[in-house]
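Look at the structure first, then read the points by topic.

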Amino acid sequence: MGAINYSALSSAELNGLYLELQGRFDEYKNRKLSLDMSRGKPCSEQLDLSLGMLDAIGSNDSLKTKDGSDSRNYGGLDGIAEAKELFAKILEVSMNEIIIGGNSSLALMHDTISRAMVHGLYSSKAPWGKLPVVKFLCPSPGYDRHFAICELFGIEMIPVEMLPDGPNMDQVERFVREDAGVRGIWCVPKYSNPDGITYSDEVVDRLASMETKAEDFTIFWDDAYTVHHLTDNPDRLKNMLAACKAAGNPDRVLIFSSTSKISFSGSGISVMAGSENNLNYFRKQLAVQSIGPDKINQLRHVRFFKDTDHIKAHMEKHAAIIKPKFDTVFSILEAGLSGRQIAEWNKPNGGYFISLNTLDGCAREVVSMASEAGVTLTKAGATFPYGKDPRNRNIRIAPTFPTPAELKTAIEILCLCVQLVSIRKLLA
Ligand code: PLP
């Protein structure tokens, strides 16, 4: 049967189709598969692209940094100059507006919230932990680990609708203008997780200039996928720090990023950028926490990547490996679901995810049915605060890690599950 709108079918036709699809699903089930599609991890071929980094510094090489200091020793609290220079260029900030962190930007975000709770941020009148309530705006669907940080620290999450060019700014502006409890917003502004959306210039400007009731309202700008393009015509994101400065709110944004999906996910380097006021405030706290970061890893990254042109070329190699995987997902979704009026999905120009929306009320059942056939997907609801997708329809697809053959099977099973669950809903 071709791509027929399911809601135009009679009950008898739907029942017939259901039996046919159920037969196909049972065949997959009998294969006792075990396919994990749950997290956006690079595959081993991608990790192999950076193996040369392990040879970028040998025991005979100089371990001195550009300013003559010894990378093996203590010191260099906010990163070596050459690493700051390279990543400042990528994030379009100055050398004084960047700190190089350890292997995880999520850890930097977690620690920033933790410090805000205990000490407050640079612009705070009081530590957040002393306030009657702290709330964060959470454009949703969004990144589950941002939401987990809020849950850990007892920060109340307010979901905000995602539109094709970023969060619904009418909602955002109203919340921050009216409610002093709203202290921050999580943003993945480029190739967002999971929708693959890049914020428009207008959204960037409105976030930078909006009136906020809280004096220390902060934008957590998680630019995790800033160089992770999948096409030759990449999205462009307006510089948020520059927009905040232009709007007279230079201390409003903290920018985070990392090389987790550029070099090695477990052994990359992370960065935090923001106004000098903000970063000097954090530098003082960092000086108590550590006598210096892993500068050998920073040096290794700079010697391997050299400059932004080399990073661009390196990311093209990543894209050559993962773009065909994204295309596999698109063609199977197209063949299995398009025209039936039972699902919609995005086609991002970069990033790590495809966001699939089923009919309302179907996502949980689809994910659980797929797991019966051995396909582990990200938990339904995970892309929303408190794990509660109000329409129970969003499923995050992470195509990078599985082999092409595993991916094909997993998405075919996913499509069957969406079809079966949708038919059950239409027949109910
Ligand atoms: N931010 C976003 C939006 C992500 O999707 C991820 C990983 O999936 C991370 C941060 C994690 O970054 P890191 O490995 O630097 O902690």
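The shell around the ligand has 4 nonpolar, 8 polar and 1 charged residues. Here Ala, Val, Leu, Ile, Met, Phe, Trp, Tyr, Cys and Pro count as nonpolar, Asp, Glu, Lys and Arg as charged, and the others, Gly among them, as polar. This is a predicted model: local features need pLDDT of at least 70, side-chain atom pairs count only at pLDDT 80 or more, and totals for chains, interfaces and linings use all residues. Numbering starts from 1 along each chain as its sequence is written.

**Ligand**
- Ser-104, Ser-105, Leu-106, Ser-258 and Ser-260 come nearest, out of 13 residues around the ligand (C-beta atom, placed from the backbone, within 6 Å of it).

**Domains**
- The protein chain splits into domain 1 (6-46 + 312-427) and domain 2 (63-306), with bounds from an automatic or database domain assignment.
- Their C-alpha centres lie 31 Å apart.
- Domain 1 gives 23 residues to the contact and domain 2 gives 25 (C-beta atoms, placed from the backbone, within 7 Å).
- On the side of domain 1 that touches domain 2, H11 provides the largest share, 6 residues (helices are DSSP runs of H or I, at least four residues, and strands of E, at least two, numbered from the N terminus).
- That side of domain 1 divides into 11 nonpolar, 8 polar and 4 charged residues.

**Core**
- In the largest nonpolar core, of 112 residues, Ile-255, Val-366, Ala-370 and Cys-417 have the most contacts inside it.
- Such a core is a set of buried Ala, Val, Leu, Ile, Met, Phe, Trp, Tyr and Cys residues joined through C-beta atoms within 7 Å; buried means 20 or more other C-beta atoms within 10 Å of a residue's own, all placed from the backbone.
- Helix H13 (residues 404-427) gives the most to this core, 12 residues.

Methods:
Two residues are in contact if their C-beta atoms, placed from the backbone, lie within 7 Å. A residue is buried if 20 or more other C-beta atoms lie within 10 Å of its own, exposed if 12 or fewer, and partly exposed in between; C-beta atoms are placed from the backbone.
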